Amino acid sequence: MTKAQEIAYDLREQIQSGRLTPGMALPSESKMMSQYGYSRETIRAGVRLLIEEGLVVAGQGQGKYVREDYPPVVWNWTTLESRSRHANAVEGRTAGDQWASAIAENGNAPRQEISVSIVVPPPHVRERLGLPADGLAVARKRVRYIDNRPYALADSYFPQELVSGTPLMEPRDVSAPGGVLASVGLVQAKYVDEISVRMPTHQEAEQLGLPAATPVAEHTRTGYDADDRPLRCMVTILPGDRHKILYEVSTD
C-alpha cells in the first residue's frame, strides 16, 4: 500500500469496528501527522480516499467527520397508492397524502415542501404522458423530510388540460377520499414502474444534502386510466443510503 492507502486502511478499520462512530470528527491533521509520522499532504490524501468512498464527509472549516447513518425507510411500492390504502383513508385508518401516512404509521414525522408550476416536462416524462413536443404539464415538486431530515424528491407531472382548476394546482398538501385524481373523475387503473440507479445531479445532491459517493434510485411511476390514457408521471429520487424498495410479486 502507498502511505495514503495505509492511512485510509487504518481509519476505515476504526470506522467499521465502531471506534469512530457516525458523526464523530476524525483526529486533527496535526494529531495524525504525529501518529503516522507522515506529511500533512499525505494525511490529506489518505482522508480524501475515504471521502471518495463516502465513509467520511467534510464539515465546516477543515473538519472531517464520519458519515452519519440515516435510518432506512422501506417502501412497499406494491401497496403504496393501492386502492386498499385509499379505501382505508376513507375509513379513517390512514389520512391525507399516502406517503405521509406511511411515514406516520412508522412513528416518524413527515413533512413536505411543495411547489407547483406549469412546465415543459423533461423528455422522458413527456414521452410517458404522450404529450407533443410543445405540450405543457403541471408539475408538483416535493422535497420530502422525515424527522426534519431530507429523504427524497418526488415530482409529479400531469397533462395541463386534465388538472387545471383542480386541487392539484394548490402548492400545499392536498388529499381526497380515493385520491385527488379519482375525486375529479380521473381514476388510475394501473401503474407502470421503472427503476434506474445513477449518481445524483448537483442540484439533487444539494437538495438532499448527499455526501460524496451516494448513488440514487430514480423511480418513475406512470398511472393510466382504464383506456390506457396516461394521467400522471411521478419521478421519485431515493438516495441509496436511506431507502429500501420492496415489491411483492404474484407468481400467477
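Q: What makes helix 5 largely enclosed by the rest of the structure?
A: This is a predicted model, and in it 6 of the 8 residues of helix 5 are buried, so the helix is largely enclosed by the rest of the structure. Those buried residues are Gln-98, Trp-99, Ala-100, Ser-101, Ala-102 and Ile-103. To be called buried, a residue must have under 20% relative accessible area.

Q: What does helix 5 lie across, and what follows the helix?
A: Helix 5 (residues 98–105) lies across strand 4 and strand 5 (137–146). Relative to strand 4, the helix runs at about 170°. After helix 5 comes Gly-107, with a positive phi near 85°.

Q: Why are the rings of Trp-75 and Trp-99 called stacked?
A: Their centres are 6.5 Å apart and their planes meet at 25°. Ring centres must lie within 6.5 Å to pair, and planes under 30 degrees apart count as stacked, so this pair is stacked. The pair links distant parts of the chain, with Trp-75 in strand 3 and Trp-99 in helix 5, 24 residues apart. Both of these tryptophans are buried. Ring pairs also bring in Trp-77, making a cluster of Trp-75, Trp-77 and Trp-99.

Q: How do you know whether the pair of Tyr-70 and Tyr-151 is stacked or edge-to-face?
A: There are 3 aromatic pairs in the model. For Tyr-70 and Tyr-151, the centres are 5.4 Å apart and the planes make an angle of 65°. Planes over 60 degrees apart count as edge-to-face, so that is the name this pair gets. Tyr-70 is in the loop between strand 2 (64–66) and strand 3, while Tyr-151 is in strand 6 (residues 149–159), so the pair ties together parts that are 81 residues apart in sequence.

Q: Are Tyr-70 and Tyr-151 buried or exposed, and how do you know?
A: Tyr-70 has a relative accessible area of 17%, and Tyr-151 has 3% relative accessibility. The limit for buried is under 20%, so both tyrosines count as buried.

Q: How do you know that Asn-76 is buried or exposed, and what does its side chain reach?
A: Asn-76, found in strand 3 (residues 73–76), has a relative accessible area of 18%. With the cut-off at under 20%, Asn-76 is therefore buried. A polar atom of the Asn-76 side chain lies 3.0 Å from the backbone nitrogen of Thr-78. The side chains of Asn-76 and Glu-248 are joined by a polar contact of 3.1 Å. Leaving aside residues up to four places away in sequence, Asn-76 touches Leu-246 and Glu-248.

Q: Why do strand 4 and strand 7 stand at the edges of the sheet?
A: The open sheet has 6 strands in the order 4-5-6-9-8-7, with antiparallel pairing. Strand 4 (110–119) and strand 7 (190–198) each have a single partner strand, so one side of each is left without a neighbour in the sheet. From one strand to the next, the twist averages 15°.

Q: What makes strand 8 and strand 9 a pair?
A: Pairing requires at least two bridges, and 9 bridges join strand 8 (residues 216–224) to strand 9 (residues 230–239). The two strands run antiparallel. Within strand 9, Ile-237 is the residue opposite Glu-218.

Q: What makes the phi values of Ala-213 and Asp-228 worth a look?
A: Most residues other than glycine have a negative phi. Ala-213 instead has a positive phi near 65°, and Asp-228 has a positive phi of about 65°. Ala-213 is in the loop between helix 9 (202–208) and strand 8, whereas Asp-228 is in the loop between strand 8 and strand 9.

Q: Which rings have a charged end of Arg-221 or Lys-190 over them?
A: The charged end of Arg-221 sits over the ring of Tyr-191, 4.4 Å from its centre. Lys-190 lies over the face of Tyr-224, at 5.4 Å from the ring centre.

Definitions and conventions. Residues are numbered from 1 along each chain as its sequence is written. This is a predicted model: local features need pLDDT of at least 70, side-chain atom pairs count only at pLDDT 80 or more; totals for chains, interfaces and linings use all residues. Side-chain values use heavy atoms; hydrogens and water are left out. Helices (H or I, at least four residues) and strands (E, at least two) are DSSP runs, numbered from the N terminus. Buried means under 20% relative accessible area, exposed over 50%, partly exposed in between (1.4 Å probe, protein chains only). A polar contact is a pair of N or O atoms within 3.5 Å; within protein, one must be able to donate a hydrogen and the other to accept it, and residues adjacent in sequence count only if both atoms are side-chain atoms. Contact means heavy atoms within 4.5 Å. Axes are lines fitted to C-alpha atoms, for helices over the stretch in contact, and angles run from 0 to 180 degrees between N-to-C directions. Rings of Phe, Tyr and Trp (its six-membered ring) pair if their centres lie within 6.5 Å; planes under 30 degrees apart count as stacked, over 60 as edge-to-face and the rest as tilted. A charge sits over a ring if NZ of Lys or CZ of Arg is within 6 Å of the ring centre and within 35 degrees of the ring normal.
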